[in-house]
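Me: I have a new model open and would like to learn how to read its features one by one. Could you take me through it?

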Amino acid sequence: MTVPNTPPDPAPADAQAEPDAAPDPFAPPAHGATAFGEGTTPLGKRLLPEVRVGAGVVVACLVAALVVAGLWVWLAPKVPLLVDGDRILYADPEGEQRAGADAVFVLIALGAGILTALGAFLVTRRRGGGIAVAVGLTVGGLLGSIGAWRIGRWLGPSGDLIGQARRVGDGGHFDASIDLGALGALLVWPMTAMVVLLLLSAAFGKREEDPPPYWAPVAQAQLGVPPTGTPTGTPTGAPTGQWAGPGTGSGPER
């Protein structure tokens, strides 16, 4: 006979639902999710902003190459030539105008590398720079140097020595075309830009703290460690000044 209002018998222990097992803190993230549980971004959408930044830096370097070429033509020392009968001779055989043209190009390229790196760093500082800026400066600096060299040769004196000699006649003087004797000068711009960008990024670059590993919250929960930012000490609402036991010195005076 069952007594009225008697609660039913509890289910057997083996029939009760087992609690969910704690996730493995060292298990890798699930497929298609990041370490923080967010969906992965398509590769194309992630690369498109970087490609735009790199392309913008390259275009800026190519525009600066026009200025570099003009300055080189203006500041580079000219090589004077003399027409002597059917011969074309150096008017100053011991002159160093050829080496001076290389030195002027190196100095101008050095300044161009500093300015382009500084400009790229200031423009992209808010976004944290990135590999696109470095690649853009390297490619743009190299293309800019080659372009400035070619444009400078085209803007400078003509390279047609025979035509120039016929134009001035016997005993006349004219200037030889400017050119680079050492093609290694073409590397000054990109190398300078990379060094300056590295120094600026190390000194004034954006700083970001490394995110905690994805298994840190689970491990803290298993070890009973309160999450970061949770205050420890006296629980909320606990009375203060309560006697905690003999020898603690916090009880009431007798």
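**Reading the model, feature by feature**

Reply: V139 is found in helix α3; helices (H or I, at least four residues) and strands (E, at least two) are DSSP runs, numbered from the N terminus. Before going on, note that this is a predicted model, in which local features need pLDDT of at least 70, side-chain atom pairs count only at pLDDT 80 or more, and totals for chains, interfaces and linings use all residues. Residues are numbered from 1 along each chain as its sequence is written, and side-chain values use heavy atoms, with hydrogens and water left out.

Me: Which residues form a nonpolar patch on the surface?

Reply: A patch joins residues with over 30% relative accessible area and no salt bridge, like charges within 9 Å and nonpolar side chains (Val, Leu, Ile, Met, Phe, Trp, Tyr) within 5 Å. Here L62, I131, V135, V139 and L143 form the nonpolar patch, with about 430 Å² of accessible area together (Shrake-Rupley method, 1.4 Å probe; for residues, only the protein chains shown count as cover). Helix α3 (residues 131–155) gives the largest share, 4 residues.

Me: What is V58 in contact with, leaving aside its neighbours within four places in sequence?

Reply: Contact means heavy atoms within 4.5 Å. With those neighbours left aside, V58 touches G136, V139, G140 and L143. V58 is found in helix α1 and counts as buried because its relative accessible area is 17%. V58 and G141 are 83 residues apart in sequence, yet 7.6 Å apart in space, C-alpha to C-alpha.

Me: How do I read an aromatic pair, and how many does a search of the whole structure find?

Reply: A pair of aromatic rings is described by the distance of the centres and the angle of the planes. Rings of Phe, Tyr and Trp (its six-membered ring) pair if their centres lie within 6.5 Å; planes under 30 degrees apart count as stacked, over 60 as edge-to-face and the rest as tilted. The search finds 1 aromatic pair. W72 and F105 form it edge-to-face, 5.1 Å centre to centre with 75 degrees between the planes. The pair links distant parts of the chain, with W72 in helix α1 (residues 43–75) and F105 in helix α2 (residues 97–123), 33 residues apart. Both W72 and F105 are buried.

Me: And where does the charged end of R150 sit?

Reply: A charge sits over a ring if NZ of Lys or CZ of Arg is within 6 Å of the ring centre and within 35 degrees of the ring normal. The charged end of R150 is over the ring of W149, 4.6 Å from its centre.

Me: Which residue forms a salt bridge with D84?

Reply: Side chains of opposite charge can pair when their charged atoms come close. The cut-off is a side-chain nitrogen of Lys or Arg within 4 Å of a carboxyl oxygen of Asp or Glu. The structure holds 1 salt bridge: D84 pairs with R87, the closest N and O atoms being 2.7 Å apart. D84 is partly exposed, at 33% relative accessible area, and R87 is partly exposed too, at 46%.

Me: Finally, how many helices and strands does the protein chain have?

Reply: The chain has 6 helices and 3 strands, running α-β-β-α-α-α-β-α-α from the N terminus. Of its 254 residues, 26% are buried.

Terms used
Buried means under 20% relative accessible area, exposed over 50%, partly exposed in between (1.4 Å probe, protein chains only).
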